[in-house]
Amino acid sequence: CAVTLEPENQVLQARISDIEALRAAGKPTVPSLLGQEKAANPFLRPMSQELQETLGMVGAKYTDIFAETRARKDRF
């Protein structure tokens, strides 16, 4: 889950709450706005210091950070 990679990301926390509310109301959670995804989706945030620290990859190439994020999602 994305929150395990960026637990301090307030935009992500708010997005999770929004999605939970939408699901509870039986409403769709997609599509979303690109701006929302860029602020909350770790796959679109390889430059995030918090994400890099969580992965133990500070300063790594963004492609490597993306690959590790994907690998962790596969194992989640």
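1. A polar contact is a pair of N or O atoms within 3.5 Å; within protein, one must be able to donate a hydrogen and the other to accept it, and residues adjacent in sequence count only if both atoms are side-chain atoms. Asn-9 supplies a case: a polar atom of its side chain lies 3.1 Å from the backbone oxygen of Ala-39.

2. On the basis of the model: it is predicted, local features need pLDDT of at least 70, side-chain atom pairs count only at pLDDT 80 or more, and totals for chains, interfaces and linings use all residues. Residues are numbered from 1 along each chain as its sequence is written, and side-chain values use heavy atoms, with hydrogens and water left out.

3. The fold reads α-α-α-α-α along the sequence. The protein chain has 5 helices and 0 strands. Both are DSSP runs, numbered from the N terminus: helices are H or I with at least four residues, strands E with at least two. The C-alpha atoms fill a box of roughly 40 × 25 × 20 Å, taken along the principal axes.

4. Of the 76 residues in the protein chain, 24% are buried. Buried means under 20% relative accessible area, exposed over 50%, partly exposed in between (1.4 Å probe, protein chains only). Contact means heavy atoms within 4.5 Å. Among contacts between residues at least 6 apart in sequence, 43% join residues at least 24 apart.

5. Back to Asn-9. Asn-9 sits in the loop between helix 1 (2–5) and helix 2 (10–24). Asn-9 counts as buried because its relative accessibility is 8%. Leaving aside residues up to four places away in sequence, Asn-9 touches Ala-39, Ala-40, Arg-45 and Glu-50.

6. The structure holds 4 salt bridges. A salt bridge is a side-chain nitrogen of Lys or Arg within 4 Å of a carboxyl oxygen of Asp or Glu. One of them joins Arg-70 and Asp-74 at 2.6 Å, N to O. Arg-70 is partly exposed at 36%, whereas Asp-74 is exposed at 52%. Arg-70 and Asp-74 both lie in helix 5, 4 residues apart, about one turn of the helix. Elsewhere, salt bridges that share partners join Glu-68, Arg-72 and Arg-75 into one network.

7. Glu-68 meets Arg-72 at 2.8 Å, N to O, and Arg-75 at 3.6 Å, N to O. Arg-72 and Glu-68 lie 4 residues apart in helix 5 (residues 62–75). Glu-68 is partly exposed at 23%, as is Arg-72 at 29%. Arg-75 counts as exposed, at 59%.
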